[in-house]
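Please keep the sequence and the 3D view at hand while reading.

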Amino acid sequence: MLMRILKSFNLDSKESILLIWMWPFNVPFNLGSCSSAFNIHGCRLTDDRNLFNQAHGVMFHHREISGDLSNMPKLPRPVFQKWIWWNMESPTNSVRIPLLKDQFNLTSSYRKDSDVPVPYGHISEATEEEKKYTIPKKDTLVCWIVSNYSPDFKRSQYFTELAKHINVEAYGRHFNKQINNEEYLNLMLRCKFYLSFENSIHRDYMTEKVFTPLALGTVPVVLGPPRANYEQFIPSKAFIHVDDFPSPKELADHLKFLDKNEDEYKQYFRWREHFVSKGVPFGPAHACRICDHIRKNKHYRVFKDLDSWYWD
């Protein structure tokens, strides 16, 4: 009798099943092995909705959830199953859905206080080979690439003022300078400073705009949450924060100073003697970490009010 009960709840399974109910931005990703990619074992990822009643967890990407919840599961949730709210957009770029209250057991986002936090990147200990680092040759002072430009954004207003005092090579649709991936890579390598300006300012919201320049050998000039928040993720001397200066003019003067003083500029790469910056692959990393969390934490958990946690 006991074994029948256990099987009905799928608790005796050697493998934890995570069902991706909706693809993020409607773009499928590889459901390969978590063990080979992330050294996470005992997890099976699937998008087969026929496995709903067997799945230990079901992932829902916020952007794709309908406001009336019409594209959420119609079958009752098995008692052992956890529903995971997944979102990598900031609150400013995420539509509130009031009906989502009491729907989820777990959260996964870039936020450190998520049940399963997955940042856009991370700083890791360097291998001996990675410690042999050389700063790429630079021929451009400041660069910026922006796809989502609005004059109302704080980053746009700051850029407008900064550009009055220093030349910024700006790219993207707004500047009629589209670039491909190879051009992006080459640009990042040859710029001394990159404007890592986030489109909205929220706690822990630090995107690939920061981690990619760090990985490619460019000093990010950040506009986002306070410096203290950045320093929870990134070495303090690896970046420049706009808040460190009274105005864009003072920031421009500092960048010009570093341009003329190579030894001072090189100080922003001392962290590379010990660490490297690495991005997190969107999709597979989240799914595997969520599955691993569910596998290791089988206790009951409910998340009562998404609204007050994420948006307020």
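The sections below take up the sheets, the helix pairs, a strand residue and the disulfides of this predicted model.

Strand β4, which covers residues 82-87, runs parallel to β5 and is joined to β5 by four bridges. Within this part of the sheet, I84 stands opposite L106 of β5.

## The sheet from β7 to β11

Another open sheet of five strands has the order β8-β7-β9-β10-β11, and its pairing is parallel. Here β8 (169-171) and β11 (240-241) are the edge strands: each pairs with a single strand, so one side of each is left without a neighbour in the sheet.

Strand β10 (residues 219-223) and β11 run parallel and are joined by two bridges. V221 is placed opposite I240 of β11. Helix α5 lies across β9 (191-197) and β10, and runs at about 165° to β9.

## Helices α4 and α5

Two packed helices are described by the angle between their axes and the distance between the axes. Helix α4 spans residues 181-190 and helix α5 spans residues 208-216; they pack at an angle of about 70°, and their axes are 9 Å apart. The two helices are therefore roughly perpendicular to each other. The crossing of α4 and α5 is right-handed.

On the α4 side, the contact is made by Y184, L185, M188 and L189, and on the α5 side by T212, P213 and L216. Sorted by class, the contact of α4 with α5 holds six nonpolar residues, one polar residue and no charged residues.

## Helices α3 and α7

Helix α3 (residues 154-162) and helix α7 (residues 248-260) have axes that come within 8 Å and cross at roughly 60°. This pair is therefore oblique. The crossing of α3 with α7 is right-handed.

From α3, the residues Y158, E161 and L162 take part in the contact, and from α7, P248, L251 and A252. Five residues of the contact of α3 with α7 are nonpolar, none is polar and one is charged.

## Residue I123 in strand β6

Which strand holds I123? I123 sits in strand β6, which covers residues 121-125.

Leaving aside residues up to four places away in sequence, I123 touches L214, F233, I234, P235, W271, F275, V276 and S277.

## Disulfides

How many disulfides does the structure hold? There are two disulfides. One of them is formed by C34 and C288, with sulfur atoms 2.0 Å apart. The torsion about the S-S bond of C34 and C288 is about -85°, so this disulfide is left-handed.

The pair links distant parts of the chain, since C34 belongs to helix α2 (residues 34-38) and C288 to helix α9 (residues 284-296), and the two cysteines are 254 residues apart.

Technical notes: Residues are numbered from 1 along each chain as its sequence is written. This is a predicted model: local features need pLDDT of at least 70, side-chain atom pairs count only at pLDDT 80 or more; totals for chains, interfaces and linings use all residues. Side-chain values use heavy atoms; hydrogens and water are left out. Axes are lines fitted to C-alpha atoms, for helices over the stretch in contact, and angles run from 0 to 180 degrees between N-to-C directions. Angles under 35 degrees count as roughly parallel, over 145 as roughly antiparallel, 65 to 115 as roughly perpendicular and the rest as oblique. A crossing is left-handed if the near helix is turned anticlockwise from the far one by less than a right angle, and right-handed if clockwise. Contact means heavy atoms within 4.5 Å. Ala, Val, Leu, Ile, Met, Phe, Trp, Tyr, Cys and Pro count as nonpolar, Asp, Glu, Lys and Arg as charged, and the others, Gly among them, as polar. Two strands pair if DSSP finds at least two bridges between them. A disulfide is a pair of cysteine sulfur atoms within 2.5 Å.
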